[in-house]
Amino acid sequence: MLKTSQPVKTPTVDRLLNLWAQRYTVDLSSLSLENGASADSLLKASSPEGRALTATKLKDNVLDINCNMAWIQTKTLYSYIPNILDLNEAKRITQFAFRVYRKLLDIYKKQSINTGSVSVESKDNSLTLWAIPAVEELAYALEPILMVFQEQHIASKDWRALGFLTTQLNFSNSLILKKLTPSEKILLASYLNFVEEQVAMPWQRVCNQSAKYKFNSPEFMIVEQMLPAARDIAQSVYNRLMELLPNHRSRRGKLNDSGVTHSCLRDLNMFQAYLWLCFLEGSMASFEEELLPLCQMVVEGVEIKWEMTEKWCQVLGDEIIRRVNPEQKALLLPYTERMQEIFLQERSRLGFQEESVESGV
């Protein structure tokens, strides 16, 4: 969940903020610039004029239609839950989703190559795109409207609606990108990805929590080492889950379906963000009080087996421990083991019987 946070300025916070910003950096030298995307078209699309043109394509009526279509898709996914939201609640939530995207586009138009968003290296003619040059400024600019958007879900008559927040944003992002050229998609995708992550992942809180640590403290050094590896860790865990659960299926489909893949990778990143937040806080309270209830909503809403979530925690914990040295392992094990215990205890509390994950449930 997104929580209001105050800016903190220390060397350790600044270091993690830079690492956080790198999550939204696109290295075009590693991309195949095809289907109309080229270095020249990207530079043109990234200019103030190009960004204004992109925003114009996504004028109010287009955003409004997309937000409503995204809500219909979200509603359809959870259609087996009767009366999950009444018409007035659905209308209110889509209106606030529309405001989120309009605010995002206003910010997007103000970014340009003049802020360091694009640099060209003539040596090998590669172009590196810093899609979000000032991620902390973007976070604070969007925070008020994102908080209100989140509150609309929390205020719903059915508490399970909060679990739909990222699903709705995911559907909205996909619909918006369909309206753009390849170059515009590359530029705007990082901003859309930021919005989807910002409402679910406490990366900003992780950065701020590092204020009480020194550069040479073992806790900070672990987080500094692991934060840039978050996406690679998520991909490794996802690949392992594909091997362990080849027949797993939820309401959104099988693990190898594109939409499920996206959600799994996003949520594996979310688990890591909460783990590092708890590690720096010295307590698993945030994991238990925020992430566990959210997982309860999603697990029930999309019909994911609890055994899948447990295997998920086990593989994630193993992958993280595999990447650290013995001294770091001793510090981390209480947290990775507690992460697994939390979900075992929750399954027991809810009365679910143990099933074999190898059977592909």
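Let me begin with T261, which is found in helix 12 (residues 258–281). Helices here are DSSP runs of H or I with at least four residues, strands are runs of E with at least two, and both are numbered from the N terminus. T261 counts as buried because its relative accessibility is 17%; buried means under 20% relative accessible area, exposed means over 50%, and partly exposed lies in between, with a 1.4 Å probe and protein chains only. Not counting residues up to four places away in sequence, T261 touches Y238, L255 and N256, where contact means heavy atoms within 4.5 Å.

A word on the basis of these values. This is a predicted model, in which local features need pLDDT of at least 70 and side-chain atom pairs count only at pLDDT 80 or more, while totals for chains, interfaces and linings use all residues. Residues are numbered from 1 along each chain as its sequence is written, and side-chain values use heavy atoms, with hydrogens and water left out.

Turning to the chain as a whole, it contains 15 helices and five strands. Of its 361 residues, 54% count as buried. Among contacts between residues at least 6 apart in sequence, 81% join residues at least 24 apart.

W20 and W203 are 183 residues apart in sequence, and their C-alpha atoms are 7.0 Å apart in space.

Apart from neighbours within four places in sequence, C67 is in contact with T94, A97, F98, Y101, Q168 and S172. The C-alpha atoms of C67 and I93, which are 26 residues apart along the chain, are separated by 9.3 Å.

I154 provides another case. I154 lies in helix 6 (residues 135–154). Is I154 buried or partly exposed? At 43% relative accessibility, I154 counts as partly exposed. Between I154 and L165, 11 residues apart in sequence, the C-alpha to C-alpha distance is 9.7 Å.

I now come to the aromatic rings. The structure holds 10 aromatic pairs; rings of Phe, Tyr and Trp (its six-membered ring) pair if their centres lie within 6.5 Å, and planes under 30 degrees apart count as stacked, over 60 as edge-to-face and the rest as tilted. Why is the pair of Y108 and Y191 edge-to-face? Their ring centres are 5.0 Å apart and their planes stand at 90 degrees, so the pair falls into that class. Y108 lies in helix 5 (residues 87–110) and Y191 in helix 8 (residues 182–198), so this pair ties together parts that are 83 residues apart in sequence. Y108 counts as buried at 0% relative accessibility, and Y191 is likewise buried, with a relative accessible area of 0%. Elsewhere, ring pairs link F271, F287, W312 and F343 into a cluster.

Charges also sit over rings, meaning that NZ of Lys or CZ of Arg is within 6 Å of the ring centre and within 35 degrees of the ring normal. R51 lies over the face of Y108, at 4.4 Å from the ring centre. The charged end of R99 sits over the ring of F96, 4.4 Å from its centre.

Finally, the largest pocket has a volume of about 290 Å³. On a 1 Å grid over the protein atoms alone, a pocket is an open set of points with protein on both sides within 12 Å along at least five of seven lines, where a 1.4 Å probe fits; lining residues have an atom within 4 Å of a point. The volume is the space filled by probe spheres set on the points, and grid points are joined across faces, edges and corners. The lining has 17 residues, of which A189, S190, L192, N193 and R231 lie nearest the pocket centre. Which helix gives the most to this lining? Helix 8 does, with six residues.
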